[in-house]
Structures are given as structure tokens and as C-alpha cells.
Amino acid sequence: MLGPVILAASRSDRMRRLVSAAPVTKQVVDRFIAGEGVDDVVPVIRELTGQGLELTMDVVGEDITTPAQAAAARDAYLELIDRLKPLELGTSAEMSVKLSMFGQALGGGHELALANVRPVVEAAAEIGTTVTLDAEDHTTLDSMFAIHEELRQDFPQTGCVIQAYLFRTEADARRLAANGSRVRLVKGAYKEPGSVAYLDKNEIDRAYVRILRTLMEGEGYPMIGSHDPRLIAIGQELAHRAGRKLDEYEFQMLYGIRTEEHLRLAAEGHRMRVYTAYGTDWYGYFMRRLAEKPANLRFFARSMLTKG
């Protein structure tokens with residue numbers, strides 16, 4: 001299996017130096033990472049929103065090992081929100097956060113992550129936008145959902161992510177759909193054991209459709225996180241059957257992947273949100289993406305040859 005090999009490489013300083021120094025790496029990274037700092041990403045935000053797209057911004061970062069690093073991650077998001085304020089984009093530019101980056105895996109991590117993410121959610125609300133809590137591996141989810149519930153008491157627009165390949169997710173979706181949450185559904189890409197997750201692609205796809213139907217028929221706001229043309233079409237059909245208007249759900253895709261499809265969906269009147277990552281620690285983000293789904297290796301290889 002390639003996943004563990006790539007994860008090991010992501011933790012190797014020697015591999016970091018080798019990969020970072022390769023000219024072809026920069027060509028690929030420049031396509032999938034919007035920049036290293038806020039000054040780089042603001043023009044990207046202007047360009048994408050000018051094309052009728054919406055964004056969710058992710059400040060990349062890996063291997064948080066101290067409370068000081070977690071506080072620095074918090075401050076990076078606060079800096080982003082400060083730069084978004086004069087753009088007056090409202091919910092057209094929201095934030096996505098991984099609670100591990102805010103210290104969730106440290107000692108007392110649940111309380112630390114909540115303490116760090118709350119000011120980000122508060123600041124986002126002050127400029128008329130919101131935050132979505134990304135899902136990570138299954139061991140972190142009880143903490144993530146508890147923090148999500150806590151934040152929604154004061155900021156009900158706070159979103160969360162659920163992963164179709166986990167057995168628990170159908171029950172999570174029923175609970176979330178009933179209380180009006182904003183929910184992004186993704187297939188799931190972390191390496192999980194067969195005791196907690198479907199491992200067969202077809203089973204994952206079937207679970208995705210079942211869960212998406214639950215979200216569409218519920219009282220929440222579904223966010224369809226997929227690049228799969230078949231699932232996109234099914235999402236449109238399920239929304240139609242549920243009587244949802246075009247502004248009552250949205251599609252989400254990664255920056256740099258299927259950009260023509262982003263524009264097509266937006267031109268048809270759909271809300272199309274681009275998951276846009278930036279930051280100096282792009283190596284960890286890049287390698288984790290490959291480790292989560294090694295099939296992406298083929299895609300990244302093709303991307304070296306075309307900018308389409």
C-alpha cells in the first residue's frame with residue numbers, strides 16, 4: 001500500500017528537502033496551493049469571487065506539537081479574517097479549520113482546541129461569514145462534534161464535515177440534518193480500519209448517496225464535497241426531488257481540481273465553493289493529500305503536463 005509509505009515520507013526531513021527542491025514539485029504545488037501568505041491569497045480570492053465562485057479558506061499546517069504552535073495557527077486565521085473584512089464578501093469567503101491544528105491532539109486538547117477556535121468563529125461572524133470544522137480520522141470525531149455543538153449555541157451557522165466511508169456517519173447525518181446544521185459530505189480519505197469504515201469504493205459511493213439523501217430531505221444546509229461527476233449529478237437530482245432551490249445547497253471542490261467544472265456549475269446558478277489552501281507548510285498538506293488517496297498520484301502526474 002502506498003499510503004503508509006507516503007505518510008512516512010511526509011514526516012521525513014530528508015524527503016522534505018528532496019521534494020521541496022525538485023523544480024517539478026513547485027509546478028504542481030503552485031497549482032494546488034494558492035500561495036504562502038495572505039498577500040498571495042487575496043488576489044486569488046478576488047479573482048475567484050469575481051468569477052461567481054465562493055471559497056472556503058484553509059491555512060495549511062502540520063505536526064502541531066506545542067500550545068504555542070496552536071496559538072500561531074489561531075492567529076493566522078485571525079489575520080486572514082482581518083484581510084477579508086474590507087473585501088465585504090460575507091459568506092462568499094468562509095474558513096475551514098482542522099482542530100488538530102488548534103491543539104486537539106495535545107494534552108487537554110479538547111479544551112485547548114475549543115479555546116483556540118472560538119475567537120476565529122467569533123471574528124468570522126463579525127465580518128458576516130462563518131467557519132466549517134473539517135473531519136479528520138475517526139478517533140477525533142467525538143471531540144469535533146462536541147466542539148461543533150458547543151460553538152453552534154452562539155454561532156448556529158458553524159458547519160462541520162462528515163465522511164461517507166465511516167459506518168457511524170449515517171447516524172451522524174440523521175442527527176445533523178434534524179437540527180439545521182451546515183454539513184459538508186465527503187467520501188473520506190484517511191486510512192481507516194475495516195472495523196469502522198467501508199473499504200470498497202462501490203460501498204462508499206452507495207453510502208454517500210444514502211447520506212446525501214438524508215441531508216437533502218432534512219432541515220439543514222447540505223454541502224456536496226466531491227469531484228465525482230456521477231455524484232454531482234445525483235446530488236442535483238436529490239436536491240430537485242427534495243424541492244430545494246439552488247441557494248439551499250452547494251457544491252464544493254478543491255482549488256486546482258476540475259476548474260472548468262467549478263465555472264460550469266456556477267454558470268448554471270449553483271453555489272460552487274472552492275476549498276482553497278495556502279500557507280508556508282505546503283509540503284505536509286501536499287503529502288497528506290497523496291497519502292489520503294494515493295490514486296491522486298496519477299492526477300498530480302498528469303497535472304505536471306497541463307494547466308487545463
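**A walk through the model**

Visitor: Which residues of α4 are buried?
Guide: The buried residues of α4 are V38, V41, V42, V44, I45, L48 and T49. Keep in mind that this is a predicted model.

Visitor: What covers the buried residues of α4?
Guide: The cover includes β1 (54–59), α5 (67–84) and β8 (272–278).

Visitor: How far apart are the end C-alpha atoms of α4?
Guide: They are 18 Å apart. Helix α4 has 13 residues, 38–50, and at 1.5 Å a residue it should span 18 Å, so the two values agree.

Visitor: And what follows α4?
Guide: G52 does, and its phi is positive, near 85°.

Visitor: OK, strands now. What do the eight strands close into?
Guide: A barrel. The order is β1-β2-β3-β4-β5-β6-β7-β8, with parallel pairing. On average, neighbouring strands of this sheet are turned by 30° against each other, ignoring direction.

Visitor: Let's zoom in on β1. How many bridges join it to β8?
Guide: Six, and β1 and β8 run parallel. E54 stands opposite R273 in β8. M57 stands opposite T276, also in β8.

Visitor: How many bridges join β1 to β2?
Guide: Three bridges, again between parallel strands. There, T56 has E94 of β2 as its bridge partner.

Visitor: How many residues of β1 are buried?
Guide: Six of the six. Buried means under 20% relative accessible area. That is why β1 counts as largely enclosed by the rest of the structure.

Visitor: Which residues of β1 point which way?
Guide: E54, T56 and D58 point one way. L55, M57 and V59 point the other way. Both sets are buried.

Visitor: Which strands does α5 lie across?
Guide: β1, β2 and β8. Helix α5 runs at about 175° to β2.

Visitor: Where is E88, then?
Guide: In the loop between α5 and β2 (93–97).

Visitor: Is E88 buried or exposed?
Guide: E88 is exposed, because its relative accessible area is 70% and the exposed class starts over 50%.

Visitor: What about the phi of R258?
Guide: Positive, about 55°, although R258 is not a glycine. R258 is in the loop between β7 (250–254) and α11 (259–267). With 30% relative accessibility, R258 counts as partly exposed.

Visitor: On to α11. Which of its residues are buried?
Guide: E261, H262, L265 and A266 are buried in α11. They cover an arc of only 135° around the axis, so they sit on the same side of α11.

Visitor: What's exposed on the other side of α11?
Guide: E260 and A267 are exposed there.

Visitor: What do the buried residues of α11 pack against?
Guide: They pack against α10 (229–241), β7 and β8.

Visitor: Last one. Which residue follows α11?
Guide: G269 follows α11, and its phi is positive, near 100°.

Visitor: Can you tie β8 together for me?
Guide: β8 is joined to β1 by six bridges. Helix α5 lies across β8 as well as β1 and β2. β8 is also among the elements covering the buried residues of α4. The buried residues of α11 pack against β8 too.

Notes: Residues numbered from 1 in each chain as written. Predicted model: local features only at pLDDT ≥ 70, side-chain atom pairs only at ≥ 80, totals over all residues. Heavy atoms only, no water. Helix = DSSP H or I, 4+ residues; strand = E, 2+ residues; numbered from the N terminus. Expected span 1.5 Å × (residues − 1). Buried < 20%, exposed > 50% of the residue type's maximum accessible area, 1.4 Å probe, protein only. Contact = heavy atoms within 4.5 Å. Pairing = 2+ DSSP bridges. Axes fitted to C-alpha atoms, helices over the stretch in contact; angles between N-to-C directions. Arc of directions from axis to C-beta.
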